[in-house]
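Keep the 3D view open as you read.

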Amino acid sequence: MSNDLSSRSLSIIVVEVASLIILNVLSLAGNILIFISAYTNKRLRTATNLYIIALALSDLISALIVMPLSTGVLISGKWIYGDAICELHAFVSMFAIYVSSVTMGLTAVNRYTRMCKSDKQYQKWFSMKKSRMLLVFLWVFVSCYIAVPRLSGLQRYDFVPGYGQCSLIHLSEFGKKIHYAIVIPSFCIIPLTATIFCYAKVAKMIQQHNTSASVTLERRSSARVAIGRQFSQRSKFSAHEIKLSKSLFAVVFAFMICWIPFWIIVCLRRFRLVSKMPRNVELFCMFVFYLSNTINPFIYAGMNPAFRREFRKILLRKRWRQLAVQSANTVGKLTRTEDSQEVVLNSQNSMSLLRLHWVTTPKIISPTNQSYRMRHVAFRPSTSETSC
């Protein structure tokens, strides 16, 4: 297939554009949900979840800038945005690629330290303050690494039709070799090795914990002392921690499935290890990058109970409000009698009377500064008239 985007058939254009739009919408929705969840629920703002939020931020930047511009390119068949936007597009794309891989590696190391080391060691290396500093350093380092060679004239950005986006162009073979000698170990091999090692250790520790738990059930009286001594410093092995580690393992596994093909295709293309790279293979390289940006939030929602509960609250909040309004209109009517300072609920179905006395409480923040306290509830059979 030709590298010229204008040579595509209408059916291929429709499939490519529709696929990218779907990935873009899902990526936006999923990553925004993570931010709303962390904003509304303070319990999600932990050191481990901080890496999840940082990963969601890089994915969201890609969904807001890289994917929409690439969609326009696939529709028009050429770059239509100008040189300045091309520079931005290439920079943001490389930034998201590099930051994502390193963040996943740090997430794995975080889980390994949390599950396999003592609480003191975990707080030493992964306190909230140190985690923030580490992530800020990572973002600044990656930004400088991308910007400095470009500003010094060693590289340039240009539109690559096969990728359907702007990308890096090397001005010398020596510079290209130096670049990939740094990029591949730093943003591929080291994070991948750290991920495999850390999660292998975590999986082994969870297996030992489950085995010990089984022994405890069978020989509770004789093994209680030994088990207590072995796990006295490991109260962290709660059901939540085990489920969280499994969910993060699923995220990393999906990340590897997406990014290993990406780096293989990039190396084959950059070093001309194949005579001609088909355009659909090059585009597949970028689509697995977009897929990685999309699937992470849904893995969190599917396997992390804390995020899943918060996602449900956010998605169902509007629906529950609508049902509450409908229920209030059809089932009963809530009124307050000012003379007796009472709230009376007259139900049309059971004709029951619910009396609520209210008191003024300055600690409650509300428009009327009032709260209601249940004092007496009386249910009576259905009659034509009820009174208190």
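A cavity here is a set of grid points where a 1.4 Å probe fits but cannot get out, whereas a pocket is an open set. With that in mind, the structure, which is a predicted model, holds one cavity of 30 Å³ or more.

| Space | Volume | Lining residues | Classes in the lining |
|---|---|---|---|
| Largest cavity | about 190 Å³ | 17 residues | twelve nonpolar, four polar, one charged |
| Largest pocket | about 340 Å³ | 18 residues | six nonpolar, five polar, seven charged |

Which residues lie nearest the centre of the largest cavity? They are Met94, Ile97, Ser167, Phe262 and Arg270. Several elements share in this lining: H3, E2, H6, H8 and helix H9 (279-303) each supply at least two residues. The lining counts twelve nonpolar residues and one charged residue.

Turn now to the largest pocket, where the residues closest to the centre are Lys176, Arg269, Arg270, Arg272 and Glu282. Strand E2 (165-170), helix H6 (173-218) and helix H8 (239-270) each bring at least two residues to the pocket lining. H8 gives the most, with three residues. Seven of the lining residues are charged, next to six nonpolar and five polar ones.

**Where H3 meets H4**

Helix H3 (residues 83-116) and helix H4 (residues 119-126) have axes that come within 8 Å and cross at roughly 155°. Because angles over 145 degrees count as roughly antiparallel, H3 is roughly antiparallel to H4. On the H3 side, the contact is made by Leu106, Val109, Asn110, Thr113 and Arg114, and on the H4 side by Asp119, Gln121, Tyr122 and Phe126. These residues divide into four nonpolar, three polar and two charged.

**An aromatic pair**

How many aromatic pairs does a search of the whole structure find? The count is 18. One of these pairs is formed by Tyr51 and Phe126, with an edge-to-face arrangement, 6.1 Å centre to centre and 70° between the planes. This pair links distant parts of the chain, since Tyr51 sits in helix H2 (residues 47-76) and Phe126 in helix H4, 75 residues apart. Phe126 also takes part in the contact of H4 with H3.

**A contact across the sequence**

Finally, have a look at Ile184, which lies in helix H6. Apart from its neighbours within four places in sequence, Ile184 is in contact with Ile189 and Cys267. Between Ile184 and Cys267 there are 83 residues in sequence, yet their C-alpha atoms are 9.2 Å apart in space.

Notes. Residues numbered from 1 in each chain as written. Predicted model: local features only at pLDDT ≥ 70, side-chain atom pairs only at ≥ 80, totals over all residues. Heavy atoms only, no water. Axes fitted to C-alpha atoms, helices over the stretch in contact; angles between N-to-C directions. Helix = DSSP H or I, 4+ residues; strand = E, 2+ residues; numbered from the N terminus. Parallel < 35°, antiparallel > 145°, perpendicular 65-115°, else oblique. Contact = heavy atoms within 4.5 Å. Nonpolar A, V, L, I, M, F, W, Y, C, P; charged D, E, K, R; others polar. Points joined across faces, edges and corners; volume = space filled by probe spheres on them. Phe/Tyr/Trp six-rings, centres within 6.5 Å; stacked < 30°, edge-to-face > 60°.
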